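Please look over the structure shown here before reading the notes. They are grouped by topic and can be read in any order.

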Amino acid sequence: MSQMPRQAALPKCPSCAEPVEPGDLFCGACGYDLSVVPAPPQDHPTLPMTGTAAPGEPVDPAPAPAADPPGPGAGDAAPHGQEPGDERSAGSGVRFDRPAEPDEYPLQAPDPRLAVPAAAAAAPARLCVACRTGRVDDDGYCENCGHAQPRERDHLERETGPVAAVSDRGLRHHRNEDAFAVGHTTLPDGTPAAVAIVCDGVSSATRPDAASLAASRAAGDTLLAALPRGTHPQAAMHEAIVAASHAVNALAGEPATAREHAPHQNAPACTIVGAVVTSGLLVVGWVGDSRVYWVPTDRTAPPARLTEDDSWAAQMVAAGLMSEAEAYADERAHAITGWLGADAYELEPHTACFRPDRPGAVVVCTDGLWNYAETAEEMSEVVPPDAATRPLHGARVLVGHALDGGGHDNVTVAVLPFPAPPQGAGSA
């Protein structure tokens, strides 16, 4: 195939690249002096494949010889940037100007704030107590059936020395708002003393469970500290109730803005009842409608209720306006007139001292029990005959009686033997 001849391209001005005619001394466009011969551009020829550097190129010095005895081919220096033993460019004349890339790249360290503790990661998932298949979430509910799981305070039992207590959520309430404290110590003369405190949170107030817990702990600690110092048990009980009141009052300011965001709620509140048993003395103290019963071991002797309720029904009976049966049948019967809390009336702790002439059991309880055994005679019928020697068993039996009766409220019971047995004695 024939081709059309091409016309030679006109020379261009080295300054503005406009075409110029042969023989022109100056560019007609920019006036560049064409008589000046421009310097040739810097040339960078391709490196020959024989490994010899091009003229003008710097030659990298040979690496220092290795300290180890030379092996086969050790006299051949590795090219610059190439590790010894790398045969990719040996004798090829190709340079590797970039540094050698590592085989592995370091990963960024994990954020310690997002790290999961090993103990938490290794902890097995909790299974639902109802369906036995669903996992329990952090809020205590089954992810499969939605059943609320038992909380730590739903059922508590404790035995220390000669005294024991049991607390149960009951069958109708969603949480346990009762609390207790039990303990034993020694008086300055070496005789033993047993202590029991029972508190019932006021459900119409905010955080009743926190109130009962704070009150029981404060009262129990105060008694166990005051009795060994020689404080009379009745005076120690009064101090314990005052300390419990201060502990509950302090909850009203935690957090400081709690009442501001929930002005319709009452301050945390609870009732309190307690007993101290020594070798010859029985002291009780209370504020509210929780009770103490005395049940002699010899059931031919009469039992007794040792406390008087701070309640609407008790006031009606005391004023002679209603009989006890009529008052406690009224729907207003359990409206309390005395309690521990920042919005309570003036604190008036009740204390009483008794000297029983025979052995027996002291029952300290909330209304979750005595609603099902209201009179002293009814309580005596449900207290096991061996309650004084097996207080934990006796407390369990009494809680079971309330649950069998319907369990409409939280149930808390403490049982103490009278007289207090020597140190080391407990349930058989």
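The model is predicted.

**The second largest pocket**

- The second largest pocket holds about 370 Å³ of space.
- Its lining is made up of 18 residues, and those closest to the centre are Arg158, Phe180, Ala181, Leu213 and Arg217.
- By type, the lining residues of the second largest pocket are 8 nonpolar, 5 polar and 5 charged.

**Nonpolar cores**

- The largest nonpolar core has 30 residues, and the members that touch the most others in it are Val363, Cys365, Leu369, Met379, Leu398 and Val413.
- Helix α9 (residues 391-404) supplies the largest share of this core, with 5 residues.
- Met379 is in contact with Tyr293, Val363, Cys365, Leu369, Trp370, Ala373 and Leu398, when neighbours within four places in sequence are set aside.
- Another core, of 27 residues, lies apart from the largest one, and among its members are Ala181, Ala226, Met237 and Ile272.

**Ser290**

- Ser290 sits in the loop between β6 (282-287) and β7 (291-296).
- Is Ser290 buried or exposed? Ser290 counts as buried because its relative accessible area is 0%, and the cut-off for buried is under 20%.
- The side chain of Ser290 makes a polar contact of 3.2 Å with the side chain of Thr271.
- Not counting residues up to four places away in sequence, Ser290 touches Asp200, Thr271, Val273, Thr307, Cys365, Thr366 and Trp370.

**Val277**

- Val277 belongs to strand β5 (residues 269-277).
- With a relative accessible area of 0%, Val277 is buried.
- Setting aside neighbours within four places in sequence, the contacts of Val277 include Pro192, Ala193, Ala194, Leu282 and Val362. Leu416, Pro417, Phe418, Pro419 and Ala420 are also in contact with Val277.
- Val277 and Phe354 are 77 residues apart along the chain, and their C-alpha atoms are separated by 9.8 Å.

**Asp409**

- Asp409 is found in the loop between α9 and β12.
- Asp409 has a relative accessible area of 17% and therefore counts as buried, the cut-off being under 20%.
- Which residues are in contact with Asp409, leaving aside its neighbours within four places in sequence? They are Arg169, Gly170, His173, Asp367 and Gly368.
- One of these, His173, makes a polar contact of 3.5 Å with Asp409, side chain to side chain.
- Another, Arg169, is 240 residues away from Asp409 along the chain, and the two C-alpha atoms are separated by 7.3 Å.

**Backbone angles**

- Most residues other than glycine have a negative phi, and most peptide bonds are trans.
- Arg207 has a phi near 55°, which is a positive value in a residue other than glycine.
- Arg207 lies in the loop between β4 (192-201) and α2, and it counts as partly exposed because its relative accessibility is 30%.
- The peptide bond between Phe418 and Pro419 is cis, with omega about -5°.
- Pro419 is in the segment after β12 (411-418), and both Phe418 and Pro419 are among the contacts of Val277.

Technical notes:
Residues numbered from 1 in each chain as written. Predicted model: local features only at pLDDT ≥ 70, side-chain atom pairs only at ≥ 80, totals over all residues. Heavy atoms only, no water. 1 Å grid on protein atoms, 1.4 Å probe; cavity = no way out; pocket = protein on both sides within 12 Å on 5 of 7 lines; lining within 4 Å. Points joined across faces, edges and corners; volume = space filled by probe spheres on them. Nonpolar A, V, L, I, M, F, W, Y, C, P; charged D, E, K, R; others polar. Helix = DSSP H or I, 4+ residues; strand = E, 2+ residues; numbered from the N terminus. Buried < 20%, exposed > 50% of the residue type's maximum accessible area, 1.4 Å probe, protein only. Polar contact = N/O pair within 3.5 Å; in protein donor to acceptor, adjacent residues only side chain to side chain. Contact = heavy atoms within 4.5 Å. Core = buried A, V, L, I, M, F, W, Y, C linked by side-chain atoms within 4.5 Å.
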